[in-house]
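Hi,

Here is the structure I promised to pass on.

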Amino acid sequence: MAEQFPAWAKLPIRAVASQGTVNALFRIGDRLAARFPLQPGDVDETLRWLKAEAEAARELAGRTRFPTPEPVALGAPGPGYPLPWSVQTWVPGSVATDADPGESVAFAHDLAEFIRNVRAIGTRGRAFGGSGRGGELTSQDEWMKTCFSRSEGWLDVPRLRRMWRALRTAPRGTGGDVMTHGDLVPGNVLVADGRLAGVIDVGGLGPADPALDLVGAWHLLETGPREVLREDLGCDDREWQRGKAWAFAQAMGLVWYYVTSNPTMSFIGRRTLDRLLQAG
């Protein structure tokens with residue numbers, strides 16, 4: 001900090017405890033946060049990702065009444081850390097893994113509003129172009145085979161296979177892609193007094209299946225508030241079913257992959273699958 005951003009050199013720096021798997025977080029004073037990618041990578045490739053992440057954050061900033069991080073600066077590799085890193089504004093609130101909003105109807109209204117706000121941004125002619133979640137459900141088939149295989153002994157795999165067979169062919173409506181946050185898991189959602197306080201990790205903002213952000217209905221909400229969110233968004237049966245499918249695909253990967261390395265993430269996956277199974 002002293003070498004690259006001397007204006008902040010005297011501010012206190014504090015590590016932030018997090019269950020996240022992508023970045024290590026440090027607060028810089030009260031208003032800033034530094035994010036250091038956890039996975040080794042190529043310097044140029046990491047810099048391209050950080051620039052794309054910053055552009056996504058700028059596109060979302062101010063488009064909703066709920067705070068989101070705004071890009072401030074990019075740091076360069078230096079002694080003790082070999083990759084580029086980023087500085088964003090700090091968004092206050094407790095992550096939903098710690099402050100569970102599952103029974104809050106008010107939170108459900110807030111989350112629906114946030115999803116509507118993001119959808120309203122407009123794609124500017126862009127369409128989903130990735131290989132992950134957000135395109136065709138059947139693109140997840142090979143990943144699901146891996147998840148089912150790795151989940152033996154942890155989950156009721158035969159029942160979950162049957163559920164995926166029913167979900168994977170859920171038809172899409174006639175509308176095109178819309179803008180989505182892309183990863184509304186509890187670790188990316190901030191809560192204060194049972195209300196939505198902000199949303200972080202916005203680098204995945206982009207066009208995708210309109211049902212993609214409905215994963216938040218299953219990751220974050222219990223039955224009553226979940227129905228409130230559905231009503232607020234006006235989801236028809238097809239869109240709701242596809243939202244279930246995207247939540248299923250994400251949750252299946254969380255349980256086995258993080259069972260020893262990140263028990264909180266594994267628990268989130270189990271809870272989401274339980275909610276999906278209970279809903280039928």
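Let me start with two helices: α4 and α8 are roughly perpendicular to each other, a label for angles of 65 to 115 degrees (under 35 is roughly parallel, over 145 roughly antiparallel, and the rest oblique). Their axes cross at roughly 65° and come within 12 Å, with α8 covering residues 263-279. R159, L160 and M163 of α4 make the contact with L273, L276 and L277 of α8, where contact means heavy atoms within 4.5 Å. The crossing of α4 and α8 is left-handed, that is, the near helix is turned anticlockwise from the far one by less than a right angle (clockwise would be right-handed). Axes here are lines fitted to C-alpha atoms, for helices over the stretch in contact, and angles run from 0 to 180 degrees between N-to-C directions.

Before going on, some housekeeping: this is a predicted model, local features need pLDDT of at least 70, side-chain atom pairs count only at pLDDT 80 or more, and totals for chains, interfaces and linings use all residues. Residues are numbered from 1 along each chain as its sequence is written, and side-chain values use heavy atoms, with hydrogens and water left out.

Now the sheet. Five strands form an open sheet in the order β1-β2-β3-β5-β4, with antiparallel pairing. β1 and β4 (71-75) are at the edges with a single partner strand each, so one side of each has no neighbour in the sheet. From one strand to the next, the twist averages 25°. Helices (H or I, at least four residues) and strands (E, at least two) are DSSP runs, numbered from the N terminus, and two strands pair if DSSP finds at least two bridges between them.

Going through the pairs:

- β1 (residues 13-16) and β2 (residues 23-28) are joined by four bridges, and they form a hairpin with six residues between them. A15 has F26 of β2 as its bridge partner.
- β2 and β3 (residues 32-37) are joined by six bridges. A24 is partnered by F36 in β3. This hairpin has three residues between its strands, and G29 in the turn has a positive phi of about 65°.
- β4 and β5 (residues 85-89) run antiparallel with four bridges, and the bridge partner of L74 in β5 is S86.

Helix α1 (residues 43-60) packs on the sheet and touches β3, β4 and β5; its direction makes about 175° with that of β4.

Last, the aromatics. Rings of Phe, Tyr and Trp (its six-membered ring) pair if their centres lie within 6.5 Å; planes under 30 degrees apart count as stacked, over 60 as edge-to-face and the rest as tilted. That gives eleven aromatic pairs. W164 and F248 are stacked, because their ring centres are 5.8 Å apart and their planes at 15°. W164 lies in α4 (residues 157-167) and F248 in α7 (residues 237-257), so this pair ties together parts 84 residues apart in sequence.

Y257 and Y258 make an edge-to-face pair, with ring centres 4.9 Å apart and planes at 80°. Y257 is partly exposed at 47% relative accessible area, whereas Y258 is buried at 14%. Ring pairs also link F5, W8, F26, F36, Y81 and W85 into a cluster.

Cheers

Notes
Buried < 20%, exposed > 50% of the residue type's maximum accessible area, 1.4 Å probe, protein only.
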